[in-house]
Amino acid sequence: MVLTYFEKKTSKEILDNTPSCNLYGEISANNLLIEGDNLNILQKLRDSYTNKIDLMYIDPPFSTNNIFTIGDTRVSTISMSNEDTVAYIDNLQGYNYIEFIRERLIIAKELLSDVGSIYLHIDYKIGHYVKIIMDEIFGIDNFRNDITRVKCNPKNFSRKAYGNIKDMILFYSKTKNVIWNDPKLPFSEYDKEKLFKKTDKYGRAYTTIPLHAPGETKNGATSGLFKGLKPPKGRHWRCAPEELEELDKAGLIEWSSKGNPRKIIYADEKDGKKMQDIWEFKDYQYPEYPTEKNIRLLKYIILASSNEGSIVMDFFCGSGTTLIAAQELNRNWIGIDKSKQAIRISKKKLNKIEKDFFSNCEYSYLGTDDNYESKTNIEKDYKVRHFA
Ligand SMILES: C[S@@+](CC[C@H](N)C(=O)[O-])C[C@H]1O[C@@H](n2cnc3c(N)ncnc32)[C@H](O)[C@@H]1O
């Protein structure tokens with residue numbers, strides 16, 4: 001399925017004809033904070049980062065037609081007093097917005113490593129169109145989740161519609177062979193009581209699960225006899241009878257009064273429960289930057305989909321939430337934003353990490369022709385460091 005609209009470029013046109021840009025600044029670290037339009041910067045980074053980025057998280061403008069501002073005491077999404085400073089303007093609509101996102105995603109895919117993935121944060125109004133565009137670019141087979149993010153407490157809208165308390169995060173991988181660290185959530189006391197109802201003679205809480213699974217294997221080991229028992233009709237043993245014997249010897253099989261064996265699972269041996277696709281990471285009540293995301297959300301994503309030493313990229317980085325989370329989890333990172341306010345707040349937060357965590361948060365700040373004040377062209381150094 002494809003989305004058809006006026007003046008939609010081909011992928012080849014986007015990859016071949018998007019202008020690159022010069023980057024200015026002092027390269028002193030692997031982490032990069034880059035100020036400027038991400039389209040040309042992504043194109044520029046193809047020279048040195050093609051296939052190198054393990055994880056991208058982006059939280060672009062949502063086509064809201066709003067001006068986002070920062071005042072002395074608060075940030076604002078709609079209203080604007082004369083003293084407020086504009087953080088960013090979100091005014092692209094319809095297919096202009098979709099093409100804006102699509103161009104960037106097509107180039108970004110080139111930078112994504114073969115074990116890489118991308119998470120795109122979006123709202124329910126435009127998100128379904130963006131989903132089609134992502135299917136086109138990354139392939140529907142690489143679509144992994146549409147995560148529901150609960151963003152606020154229930155609201156009393158006067159609108160004739162249900163209250164909106166969620167947005168969504170579209171998660172795609174580049175290939176099937178993606179980094180996946182299977183994040184777990186700790187069991188609550190309620191979970192433990194509900195899931196592990198039994199207690200053994202030493203007081204350890206446990207539950208039991210069947211030793212067989214659906215489907216018959218005709219001649220394989222898992223259709224064989226275990227203590228004289230065949231698996232029930234239409235099912236097979238979860239492992240070969242020899243392994244079941246080992247489990248039994250280790251005391252990990254419970255026999256019912258009717259002689260049915262079940263595997264014992266202890267609560268204290270499970271590292272938590274699998275994370276599902278509805279997440280509650282509410283926005284901050286007093287953000288430093290409009291639409292700033294909850295850093296805990298980013299930490300889960302980074303832990304699940306990258307490894308220590310991976311490069312994590314956010315090319316709509318705003319106040320640097322992704323960058324801070326990546327830094328604290330020992331990942332390398334690249335952040336891009338074209339807003340002066342976003343860069344100012346990102347720098348402020350990044351510079352604070354050193355004091356809080358006693359770790360070295362080293363990064364290079366780079367700019368483009370549009371914004372880098374000193375305009376010392378370090379193109380040569382940049383090439384030495386990144387294009388060698
Ligand atoms: C929703 S905010 C991101 C907020 C961020 N996730 C945070 O936690 O602070 C979107 C950001 O995209 C930036 N942006 C919009 N268009 C851009 C472009 N063409 N190039 C670079 N940044 C852009 C805006 O300046 C804004 O900071």
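Residue numbers start from 1 along each chain as its sequence is written. Because the model is predicted, local features need pLDDT of at least 70 and side-chain atom pairs count only at pLDDT 80 or more, whereas totals for chains, interfaces and linings use all residues.

The C-alpha trace of the protein spans about 80 × 50 × 50 Å along its principal axes. The secondary structure comprises 10 helices and 21 strands, where helices (H or I, at least four residues) and strands (E, at least two) are DSSP runs numbered from the N terminus. Two domains are assigned: domain 1 (11–183 + 275–386) and domain 2 (189–269), with bounds that come from an automatic or database domain assignment. The centres of the two domains, taken over C-alpha atoms, are 46 Å apart. Of the 388 residues in the protein, 33% are buried; a residue is buried if 20 or more other C-beta atoms lie within 10 Å of its own, exposed if 12 or fewer, and partly exposed in between, with C-beta atoms placed from the backbone. Among contacts between residues at least 6 apart in sequence, 69% join residues at least 24 apart, a contact being a pair of residues whose C-beta atoms, placed from the backbone, lie within 7 Å.

An open sheet of 10 strands with mixed pairing has the order β1-β21-β2-β20-β19-β3-β7-β9-β8-β18. Strands β1 (24–25) and β18 (278–280) are at the edges with a single partner strand each, so one side of each has no neighbour in the sheet. Pairing of two strands requires at least two bridges between them as found by DSSP.

Within this sheet, strand β2 (residues 31–35) is largely enclosed by the rest of the structure, because five of its five residues are buried. Its faces are both covered, with N31, L33 and E35 buried on one side and L32 and I34 buried on the other. Strand β2 pairs in the parallel sense with strand β21 (residues 363–367) over five bridges, and N31 has Y363 as its bridge partner in β21. Four bridges also join β2 to strand β20 (residues 332–337), again in the parallel sense; here L32 is opposite I334.

Strand β8 (residues 143–150) runs antiparallel to strand β9 (residues 166–173), and seven bridges join the two. In this pair, I147 stands opposite I169, and V150 stands opposite K166. Strand β8 is also joined to β18 by three bridges, in the parallel sense, with I278 of β18 as the bridge partner of T148. Helix α4 (residues 127–138) lies across β7 (112–122), β8 and β9, at about 5° to β9; axes are lines fitted to C-alpha atoms, for helices over the stretch in contact, and angles run from 0 to 180 degrees between N-to-C directions.

The ligand is surrounded by 19 residues, of which Y88, F316, G318, T321 and S339 are the closest. A residue is near a molecule or strand if its C-beta atom, placed from the backbone, lies within 6 Å of it. The shell consists of seven nonpolar, six polar and six charged residues, with Ala, Val, Leu, Ile, Met, Phe, Trp, Tyr, Cys and Pro counted as nonpolar, Asp, Glu, Lys and Arg as charged, and the others, Gly among them, as polar.

Residue E189 is in helix α5 (residues 189–195). E189 is exposed, with 7 other C-beta atoms within 10 Å. Between E189 and I27 the separation is 162 residues in sequence and 50 Å in space, C-alpha to C-alpha.

How values were computed:
Two residues are in contact if their C-beta atoms, placed from the backbone, lie within 7 Å.
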